[in-house]
Amino acid sequence: MTSPETTAGIQSVTVRLFAAARERAASDTVTVQLPAAATIRDLRAALGDNVPSLRPLLSHLFFAVGTDYAGDEVPIPESGEVVAFPPVSGG
Amino acid sequence: MVELTREPIDFAALTEAVRSPACGAVVLFLGTVREMTGDKRTLRLGYDAYPAMAEAKMAELEAEARRRWPLHELRLAHRVGTLELGDISVAVAVSSPHRADAFDAGRWLIDRLKEVVPIWKQEHWADGTTEWVHPGLGAS
C-alpha cells in the first residue's frame, strides 16, 4: 500500500531520449509529472500518456538511471533524471 | 581499456597494444559497414550513443571478460558519427597465453557489446530513407 504521505508530493521527471525514441518525440528530452513514490513502470505509462508518438515503442523501451539499467520496479531517483532508449544496435 | 570515439579506429595500433611475449595468441575482431542487407543497399550508417553509459558498460564488459578468461591485454573501441561503407565501427582486441581463451573472450565481448552497450545505428538506405535499427522492433 502506498501511504498518503508519499502520494502527496508530485515530482518533475526529465527523460533523456535516444535514437528512434528521440526521433518520434521530436525532442532530446521529455518532462512528465509523477507522484513522489513513482517507479519506472509509472514513468513508462506516463510517457505514453504525454507523448502519443512514443506509444509504439513503449513496451520496448529500456530505462537507465545514471549509467545503470533500471527495471520497472526501480524508484524514480531524487534527481528526477532518467534515460530512455529502444533496443541497442551497436557493433 | 575501452574507448568511444568519433575518430577512425586504428586497428593496427590496438592490435600492437595487446601483443606481448607473455601471450601465444592475439585475436582481433572488426565490425565494418556492410553495403547489402538482403536486397537493400546501404549508403552509410550513422551511430549514436549515450556516451557515459556506453563507456561504463564497455568497462564492465572488460572487467567481466578478465574474470572469465586469463587475458593479458584487452582493447574495446567503438566509433560514433557518420561511417561510410567499409569503415570500422567496432574493434575488439584480446591477448592470452593460448588461443582458445582469446577466441572465446573476443566472441563473448562483441556479442555482449551488441546486447547491452547503449549505441544505436541508423541506416541511410540507397532509396533516400533512413531507419534506426532496433532489434525486436519493426522499422522506425
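**Salt bridges in chain B**

B:Glu60 and B:Lys57 form a salt bridge, with 3.2 Å between the closest N and O atoms. A salt bridge here is a side-chain nitrogen of Lys or Arg within 4 Å of a carboxyl oxygen of Asp or Glu. The two residues are three apart in helix H2 (residues 51-68) of chain B, so about one helical turn separates them. Helices (H or I, at least four residues) and strands (E, at least two) are DSSP runs, numbered from the N terminus. B:Lys57 is buried, at 8% relative accessible area. B:Glu60 is partly exposed, at 39%. Buried means under 20% relative accessible area, exposed over 50%, and partly exposed in between (1.4 Å probe, protein chains only).

The model is predicted: local features need pLDDT of at least 70, side-chain atom pairs count only at pLDDT 80 or more, and totals for chains, interfaces and linings use all residues. Residues are numbered from 1 along each chain as its sequence is written, chains are lettered from A and ligands numbered from 1 in the order in which they are written, and side-chain values use heavy atoms, with hydrogens and water left out.

Side chains of opposite charge can pair when their charged atoms come close. A search of the whole structure finds 17 salt bridges over all chains. One of them joins B:Arg44 to B:Glu84, with the closest N and O atoms 3.7 Å apart. This pair links distant parts of the chain, 40 residues apart. B:Arg44 lies in strand E4 (residues 40-49) of chain B, and B:Glu84 in strand E6 (residues 81-84) of chain B. B:Arg44 is partly exposed, at 30% relative accessibility. B:Glu84 is also partly exposed, with 38%.

B:Asp87 and B:Arg79 meet through their side chains in a further salt bridge (3.8 Å, N to O). B:Arg79 is buried, at 12% relative accessibility. B:Asp87 is partly exposed, at 24%.

Salt bridges also link B:Glu62, B:Arg66, B:Glu73 and B:Arg75 in a network. B:Arg75 belongs to strand E5 (residues 73-79) of chain B. B:Arg75 is buried, at 14% relative accessibility. Its side chain makes a polar contact of 2.9 Å with that of B:Glu73. A polar contact is a pair of N or O atoms within 3.5 Å; within protein, one must be able to donate a hydrogen and the other to accept it, and residues adjacent in sequence count only if both atoms are side-chain atoms. Beyond its neighbours within four places in sequence, B:Arg75 is in contact (heavy atoms within 4.5 Å) with residues including B:Met1, B:Leu14 and B:Val92.
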